Amino acid sequence: MNEALLLMKPELIVTVIIFILLILHVARENSSPAYLLNLINGLLFINFLCGFFFNREGTLFGDMYVTNGLIVLEKNILNLGMLLISLQATDWLKKKDFIVEFYVLLLTTLLGMFFMLSSNNLLMFYLGLELSSIPLAALANFELEKRKSSEAAMKFIMSSAFSSGLLLFGISMLYGTTGTLNFAQLAMLIDGNPLQLFSFILLLAGFGFKISAVPFHLWTADVYEGSPVAVTSYLSVISKGAILFVMASVLFTVFKPLVETWYNMLYLLAVLTMIIGNLFAIRQQNLKRFLAFSSIAQVGFILIGMSGSSQEATASVIYFVLIYVFSNLGAFGVIALVSAQTGKEEIDDYKGFYLSNPMLALVMTLSLFSLAGIPPTAGFFGKFFLLMAGAGKGNFVLITIAALNMVISLYYYLRIVKVMFMEKNETPMEKLQISLFPRISLLTCMAGIILIGFTTLLYDYIFSLSTSF
Amino acid sequence: MIAITLLLLPVIFAIILLLAPAASSRRIALIGSIISFSITAFAYSQYLQEDFTKLNFDVSWASAFGIRFNIGMDGISLILVLLTALLYPVIIASTSRTVISNPKAFYSLMMLMQLGLMGVFMAKDAFLFYVFYELTLIPVYFICAVWGGDRSIPITLKFFIYTLAGSLLMLIAIIYLYFKTPGSHTFDIQAFYQLTLTPVEQGWIFWAFFLAFAVKIPIFPFHSWQPDTYTVSPMAGTMLLAGLMLKMGIYGLIRFILPIVPLGLEDWVDFAMVLCIIGIVYASLIAWQQQDLKRLIAYSSIAHVGLIAAGVLAANTAGLQGAIIQMFNHGINVVALFFMIDIIENRYGTRWMDELGGIAGQMKKLGVLFMIVMLGSIGLPLTNGFVGEFLLLMGMYVFNPWAAAFAGLTLILGAVYMFRLYRNVFLGEVKDHKMTTSDVAGWEGFILIPLCAIVIVIGIFPSILLNVSEQPVQQLLQFMNDHKSGVSGL
Amino acid sequence: MLTSAFYFIAFVTIFFAIMVVVSKNPIHSVLYLVLTFFCISANYIFMLDATFVGMVNVIVYAGAIMVLFLYVLMMMNLNAIAEQKRSVLFKISAAVTGGMLLLVLVAALKDANLQIQGSALEAEQRIGSIKVLGYVLYSKYQLPFEVASILFLVAMIGAVVLGKKDNSTKTIGIEPVK
């Protein structure tokens, strides 16, 4: 019994936090926002710490639920990202009425992701996925008075429902041909007959929607732009990260027999995603839209690593997502601060940002360098390992395309840096207050960006946890 | 131990700079660079005593991909590390004439740059080489863009994108080579030397490397970023670029192209050589037309490094030895020239040739010092430039007499445009009589006189450098020839 | 007998489905959709012996969801004229895309290994009855069942949040923090 509890520890802790919040909301209706935020961030920090202790491996509920070192690590990465986003959102949440509801919704999505990561069965996978995306629609609409926010929520729920439909269609066909939903059994029964291929394409399209790979990306920019910054960063980092983790494990376990087929599909998706994401990112004027397209391009790179289908591939994808958490949240942290205090989100608003807020400009620059993959920031190592994993297949055309795309991406990331450091602004932004929580969060991101690259021990650790293909 | 100290020192000083008050930034940076220089001098003495143990450092870094933090110095590296360590105090001292906004950031970036340069010259692991190669880009970008003149932003952006695009090709080539290494793969450059690649592969890899380095060197037609960048950058940035950063490209040619893809080189060397020679003549002719002193030196620099690159591509002992010693000489000469142009600009408020004249009458010491460095730069016998250019031309003559003949034009044209500069700026009538000017100040002389001394000493005793690089050059050529016969034996 | 019954129901289902698309009046469309759902439920109940799924399908889809749908349509007062005119090109491209999907699906089904399909159906055939379903739901599928319940709870919370009015709306995004 004890063992079973420890196995499900991450899910149980998150559930407990959700219940604490619900009860608290009923029992003490008039808690001050500051008190609530302190409490919640404290709980999230405990949640993050607990991720490192008493970890077990095993299965539960008749093979429905599985956990091992790698899955625990993935959950820890998500916990970390959750904590960082929560710390960054304090300024914005202080002015909101529904703090508890916000966190209940956010934590349930996290719970859904945990179940999704631990799923060993397509049914559990699907339920986890839904649990992790439906509350996000409500969260995207959290700026209740803004039309754009409602539009974002609407677009999100539509695309999410559509992709879920595709996934379900694919899953049902897979079930029809094999008679099972269990990952291990599916891997044995899949023989690549046309119906299974068809269902695989549907599943891949479903995944494509969730990770916003081109050509399934059309919802991304509008949703990112309309949602509150905290939700946008959650969507682009945590949601995407979790689904990438699951996608890697589903492709590498369930669809292992079809590896020849899906290699070419991933190849095509990766190339399209990188190129389109990059080309659109160049033209953006809104910083959140800009990061939306840049995150699309980043997904293209991750797909390259994933196409490697090896132990390196798993490790490099997880490693990159970890680095992506730090670099993207570094950038979003600055945007969150600026947006909460001044309401400005356009790139032009950041002209001369360096003069009034040198530290924030530096944080943003490092994050963007990391996203662009310039050594010695962690982002470079992440991308390098992805390329190495992809190059393991011997396809150097793909690697060359990726390198060319890194040059394009460099251009637009440097554009932001240029705007912040070198352009004059008649109405410069005032000096912003950085309160304690966002400060901690930004410092953590910076430490991550600088240190993770140099100490590649972490990669070795992830590599040792990953199973060979 | 020495090697890792040389890498750690800039980092430590960068951190000290960020913490220390801004007023003392320059002094701290100067102290740091002088300590680096003395350690390098010690390394040089160790090398002469053939005690190599302290010059190497090797630990595992990312074991999953067999990446090692493997640094060390052979003769070629040592000369370039020495050049870096020698020029750094000069470059930092040269900034004292101008007021620098936000000095903490400026000097920290300078230190970071030093780390990158040292790392490139010492790396024995291809991945490490790449990381350091790119690392130099960030500081120099910020130095040139933030502290540069008008239009510096778009120009440095072009520079950044150009060089990064080039080096990404190199990254692909390195990854390719990595997967070619036998057993559990490795990024060790020595292991790359052992590979036997087919001529087709060699051709591709040659181009990937060549483009990366050609942008950095820069070889015609990839040079278009260079004169603009030199012109708009602050003087320290220009010195860094011309004196040190170009050398990374040539060093890369020597380290990667010759021993790894000799057949690729053989197939394409004529083409590459023609590019180099076009660059030499073209840049010399343009330098002839320049009115802006800084731009003139920038173009002359393209001509000189074009010759060095051509010598490397000739791939024989004379050419390589000449290239290595000339890299050192070019670093010294070009930094000294920029330093003196900075003095002129500082005293007269302009660096346009037609606004200047008769400086030698007003600043006698400067006139003499400039003459010495200029003679070194155009390669007069008994100056450092002569040794280098003579060896280079000899190497090219062995390769192809016609190539040597055309490349030899650089000597004549170099003399023409440099003497034109000297005649217009230092001789003739004084253009602006109202200007009261002081001659070379004490601390400026303290920097310039040693540089001029080096120009002459190396001209007379080139063996102090040639001996150091002799053995590694022979080894490199040995590798190359073994490799060639190995592949053709297949 | 069973086969001909299947063909009959299938035919009726497809007929109603086509009518949903073809009808000019949205209210008619919805009503046809209700009929389509009824036919699908009939398929569940008579062909597959899945009484529970069939009943739930009638109650939830044909009943609750469609009535809601109808209600919304009536509130919005849509009628035949309000329908947007699509260009011919749009119609053709939609037809081509749909046709291609159908083609691929049919081709995929043609070559599918139906033996596995049959055995899969056989193994889980009894799942349709309520007793077995309840048993399976609380043993083998306990975890998914619980997760689904959380999903409903959160959906409810989300709906409530969206429905509530935010009292602090005046200050957001305009004024800096005090």
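Is α3(B) mostly covered or mostly uncovered? Of its 20 residues, 19 are buried, where a residue counts as buried if 20 or more other C-beta atoms, placed from the backbone, lie within 10 Å of its own.

Before going on, note that this is a predicted model, in which local features need pLDDT of at least 70, side-chain atom pairs count only at pLDDT 80 or more, and totals for chains, interfaces and linings use all residues. Residues are numbered from 1 along each chain as its sequence is written, while chains are lettered from A and ligands numbered from 1 in the order in which they are written.

Stay with helix α3 of chain B and select residues 75–94, remembering that helices are DSSP runs (H or I, at least four residues) numbered from the N terminus.

Next select Ala309(B), which, leaving aside neighbours within four places in sequence, is in contact with Ile217(B), Ile219(B), Ile250(B), Leu253(B) and Cys276(B); contact here requires C-beta atoms, placed from the backbone, within 7 Å.

Finally, select chain C, which averages a pLDDT (the predictor's confidence in each residue, from 0 to 100) of 78, with 77% of the residues scoring at least 70. Over residues 169–178 of chain C the pLDDT is below 50, and this stretch has 12 contacts beyond near neighbours in sequence. Where pLDDT is low, the predicted coordinates should not be read in detail. For the model, the scores are ipTM 0.86 and pTM 0.88.

How values were computed: Helix = DSSP H or I, 4+ residues; strand = E, 2+ residues; numbered from the N terminus. Expected span 1.5 Å × (residues − 1). Buried ≥ 20, exposed ≤ 12 C-beta atoms within 10 Å, placed from the backbone. Contact = placed C-beta atoms within 7 Å.
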